[in-house]
Amino acid sequence: MIPGLEAALRAGEQVRGTTSPNPPVGCALVAPDGEIIATGGTSPAGGPHAEIHALRRAGGRARGASAVVTLEPCNHTGRTGPCTDALVNAGVARVVYLTADPNPEASGGADYLRRSGVEVEHVPTRVDALQPWLTSVRRGRVSVTAKFAATTDGFTAAPDGTSQWITGAEARRRVHEDRALRDAILVGTGTVLADNPSLTARHPDGSLMRRQPRRVVVGTREVPEGNLTRLGFERYASPREAMQALWDTGARDVLVEGGAGLLSSMFEIGVVDRVQAYLAPMLLGGGRGVVTRALAPTLARAPRFQLSGLYQLGHDVLMEMER
């Protein structure tokens, strides 16, 4: 294990959901004897990057230290100066980065550091906090996660329309924790009419978490008075319009919570990057499905995903998948 790696990963996780359109990067400065000198995470857009926070906290102790960074240090001037210059000027002797920067405007930091006499090592490591941002950069749009809760045989509501609660308390707690990490939550007007959702991130006692996502409704039907009208929400006529507007205003990581019509549309236009399937050990045999229409005429043409995580939450299971 590389000294400082876990500390850098934690620092990035701690700022996840607060940095868009910038990535949630973590940095740890490590002394030659392995002591963690300081850590830092990226500020909201316009504020200092992770390396700058760590360097400021370390002060003179940064000279001769190693920096472990979850993303290759940036090498350009945007709202802030290049992190590469700050590392060189602070006398950092070695930089270990876990993810190469795919953004052509900011990449090249590793080469610049080497030319400046800094030892540089790339240790390819999956950084969960960065995955939605990496997807958004590579595809030039917001990263989309489709989330649903269903019975084991694939129904999200009973024949009489009841859907609360398919999953138990632990699964619902995980949903709220995840909401707090997202830039926005999208639902269709059908879900608003059926469920009157608030789309907030809440603690088990019902109080609001500090970080709240943007609330977005997609569709043309009228939104009645209810939780969303009291809280405030954004409204777009179609999924493509919503995605473009969110991208233009800095969102990079969005969660689509339904209903079945909106999920169907997202799958059909090919923009679902990840799936969160909360599955309960319950059978209905009929009712409302996850989507409203067939996504493929045959198994060979069905959209397939790779399993990226499997978690037991009380009696329920969360299955996470990626394109």
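User: Why does Gly-108 count as partly exposed?

Analyst: Please bear in mind that this is a predicted model. Gly-108 has a relative accessibility of 26%. Buried requires under 20% and exposed requires over 50%, so at 26% Gly-108 counts as partly exposed. Gly-108 is located in the loop between β4 and α4.

User: With which residues is Gly-108 in contact, leaving aside its neighbours within four places in sequence?

Analyst: They are Glu-72 and Asn-75. Contact requires heavy atoms within 4.5 Å. As for Ala-171, its C-alpha atom and that of Gly-108 are separated by 42 Å, and the two residues are 63 apart along the chain.

User: What makes His-49 count as buried?

Analyst: The relative accessibility of His-49 is 17%. The limit for buried is under 20%, so His-49, at 17%, counts as buried. This residue lies in the loop between β2 and α2. Leaving aside neighbours within four places in sequence, His-49 is in contact with Asn-22, Thr-42, Cys-74, Thr-80 and Cys-83.

User: What distance is given for the salt bridge of Glu-257 and Lys-147?

Analyst: The distance from N to O is 3.8 Å. A salt bridge requires a side-chain nitrogen of Lys or Arg within 4 Å of a carboxyl oxygen of Asp or Glu, and the pair of Glu-257 and Lys-147, at 3.8 Å, is therefore a salt bridge. Glu-257 belongs to strand β11 and Lys-147 to strand β6, so the pair ties together parts that are 110 residues apart in sequence.

User: Are Glu-257 and Lys-147 buried or exposed?

Analyst: Glu-257 has a relative accessibility of 15% and counts as buried. Lys-147 is buried as well, with a relative accessible area of 12%.

User: How many salt bridges does this rule give?

Analyst: The count comes to 17 salt bridges. Arg-214 counts as partly exposed, at 24% relative accessibility.

User: Which residues are linked with Arg-274 in a network of salt bridges?

Analyst: The network links Arg-274 with Arg-126, Asp-128 and Glu-322. Within it, the side chains of Arg-274 and Glu-322 meet in a salt bridge at 3.5 Å from N to O. Arg-274 is in strand β12 and Glu-322 in strand β15, 48 residues apart. Arg-274 has a relative accessibility of 11% and counts as buried; Glu-322, at 16%, is buried too.

User: What is the number of residues in the largest nonpolar core?

Analyst: The largest nonpolar core has 36 residues. Those with the most contacts inside it are Leu-29, Ile-37, Ala-67, Leu-87, Val-92 and Val-95. Among the elements that give two or more residues to this core are α1, β1, β2 and α2. Apart from it lies another core, of 27 residues, including Phe-148, Ala-242, Leu-263 and Met-266.

User: Which residues does Leu-87 touch, not counting those up to four places away in sequence?

Analyst: Leu-87 touches Glu-51, Leu-55, Ala-67, Pro-73, Val-92, Val-95 and Leu-113.

Note on methods
Residues numbered from 1 in each chain as written. Predicted model: local features only at pLDDT ≥ 70, side-chain atom pairs only at ≥ 80, totals over all residues. Heavy atoms only, no water. Core = buried A, V, L, I, M, F, W, Y, C linked by side-chain atoms within 4.5 Å. Buried < 20%, exposed > 50% of the residue type's maximum accessible area, 1.4 Å probe, protein only. Helix = DSSP H or I, 4+ residues; strand = E, 2+ residues; numbered from the N terminus.
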